Amino acid sequence: MKVHELVSSFGKACENANPMDAAREILESLRGQVEAIENLLGYISGTGGNAGQLFYRSPQVTLLKVCFPVGRRTPPHDHGTWATILQLSGEEKNTLYRRENGELRKVGEKILTRGAILTMPADTVHVVQCRSDVPAIGLHVYGGDIFTLARHMWNPETLQEHALDWTLYEKFAQTASKAANAPLEG
Ligand SMILES: [Fe+2]
């Protein structure tokens with residue numbers, strides 16, 4: 001498989017009446033080729049912000065390779081659209097939330113190891129923590145152009161909601177990474 005073939009298959013999936021399910025089906029079909037996908041995307045670092053992560057962007061779909069370094073935990077955030085992720089390597093814990101009456105409520109968690117898939121509808125908020133002693137790397141598919149969609153993030157200490165701002169996000173991520181747990185957890 002070539003990168004353009006991967007891009008093309010997600011591009012077609014997102015023309016579907018139910019693009020989230022169609023994109024997830026493609027990830028399901030790739031589960032047996034995780035190592036090959038990892039090699040295919042080896043030219044992308046997955047770190048250093050969007051420029052190091054992005055390999056396709058359109059109004060219908062965004063494709064990123066995302067690498068969470070060892071010890072990293074994100075603040076709670078949404079994506080402004082649905083997202084589906086195929087874990088390529090490492091282990092990450094996703095803590096899942098929903099916004100209810102303006103407040104976050106924890107609704108579940110999922111550990112992702114190589115080959116695992118997590119699909120998040122547009123109303124999902126999550127925290128990602130790299131739990132392995134190697135980076136947690138995934139192929140992320142988003143239903144739209146996530147660089148233009150309205151997105152939100154939450155202060156990991158106060159749970160105050162903010163519009164997504166990458167400078168503040170990084171500060172929140174540093175605070176979140178030092179905490180013992182994700183917000184509203186244990
Ligand atoms: Fe996310």
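## A buried leucine to start with

Is Leu112 buried or exposed? Leu112 counts as buried, because its relative accessibility is 0% and buried means under 20% relative accessible area, with exposed over 50% and partly exposed in between (1.4 Å probe, protein chains only). Before going further, please note that this is a predicted model, in which local features need pLDDT of at least 70 and side-chain atom pairs count only at pLDDT 80 or more, while totals for chains, interfaces and linings use all residues. Residues are numbered from 1 along each chain as its sequence is written, and side-chain values use heavy atoms, with hydrogens and water left out.

Leu112 belongs to strand E5 (residues 103-112); helices (H or I, at least four residues) and strands (E, at least two) are DSSP runs, numbered from the N terminus. Not counting residues up to four places away in sequence, Leu112 touches Ile85, Gln87, Gly90, Glu91, Glu92, Asn94, Ile117 and Leu118, where contact means heavy atoms within 4.5 Å. Gly48 is 64 residues from Leu112 along the chain, and their C-alpha atoms are separated by 22 Å.

## The iron site

Now to the metal. Three histidines coordinate the iron ion through their NE2 atoms, namely His77, His79 and His126, at 2.1 to 2.2 Å. Donors here are N, O and S atoms within 2.8 Å of the metal (3.2 Å for Na, K and Ca), and water is not among the atoms, so sites may look incomplete.

In sequence, the donor residues follow the spacing H-x1-H-x46-H.

## The largest pocket

The largest pocket has a volume of about 480 Å³. Of its 24 lining residues, Gln53, Phe68, Arg72, Trp166 and Tyr169 are the closest to its centre. Two or more lining residues come from each of strand E2 (62-68), strand E7 (124-130), strand E8 (136-142) and helix H4 (166-178), and E2 gives the largest share, four residues. By class, the lining holds ten nonpolar, eleven polar and three charged residues; Ala, Val, Leu, Ile, Met, Phe, Trp, Tyr, Cys and Pro count as nonpolar, Asp, Glu, Lys and Arg as charged, and the others, Gly among them, as polar.

For the method, a pocket is an open set of points on a 1 Å grid over the protein atoms alone, where a 1.4 Å probe fits, with protein on both sides within 12 Å along at least five of seven lines; lining residues have an atom within 4 Å of a point. Grid points are joined across faces, edges and corners, and a volume is the space filled by probe spheres set on the points.

## Nonpolar cores

The largest nonpolar core has 28 residues, and those with the most contacts inside it are Leu6, Phe10, Leu41, Phe55 and Leu139. A nonpolar core is a set of buried Ala, Val, Leu, Ile, Met, Phe, Trp, Tyr and Cys residues joined through side-chain atoms within 4.5 Å. The elements that give two or more residues to this core are helix H1 (3-13), helix H2 (19-29), helix H3 (34-40), E2, E3 and E8.

Phe10 is in contact with Ala23, Ile26, Leu27, Leu30, Val61, Leu63, Leu139 and Val141, leaving aside its neighbours within four places in sequence. Another core, of 15 residues, lies apart from the largest one, with Leu96, Ala116, Met120 and Ile146 among them.

## Loops and a helix residue

Cys14, in the loop between H1 and H2, counts as buried at 10% relative accessibility. Beyond four places in sequence, Cys14 touches Pro19, Gln60, Val61 and Trp82. Although Cys14 and Gly143 are 129 residues apart in sequence, their C-alpha atoms are 7.3 Å apart in space. Asp145 is in the loop between E8 and E9 and is buried too, with a relative accessible area of 12%. With residues up to four places away left out, Asp145 touches Arg57, Ser58, Pro59 and Thr62.

In helix H4, Ser177 is partly exposed, with a relative accessible area of 26%. Ser177 touches Gly71, Arg72 and Arg73, not counting residues up to four places away in sequence.

## Two leucines with positive phi

Leu159 has a phi near 60°, a positive value in a residue other than glycine. Leu159 lies in the loop between strand E9 (152-154) and strand E10 (161-163) and is partly exposed, at 24% relative accessible area. Leu184, in the segment after H4, has a positive phi of about 65° although it is not a glycine. Leu184 is partly exposed, with a relative accessible area of 45%.
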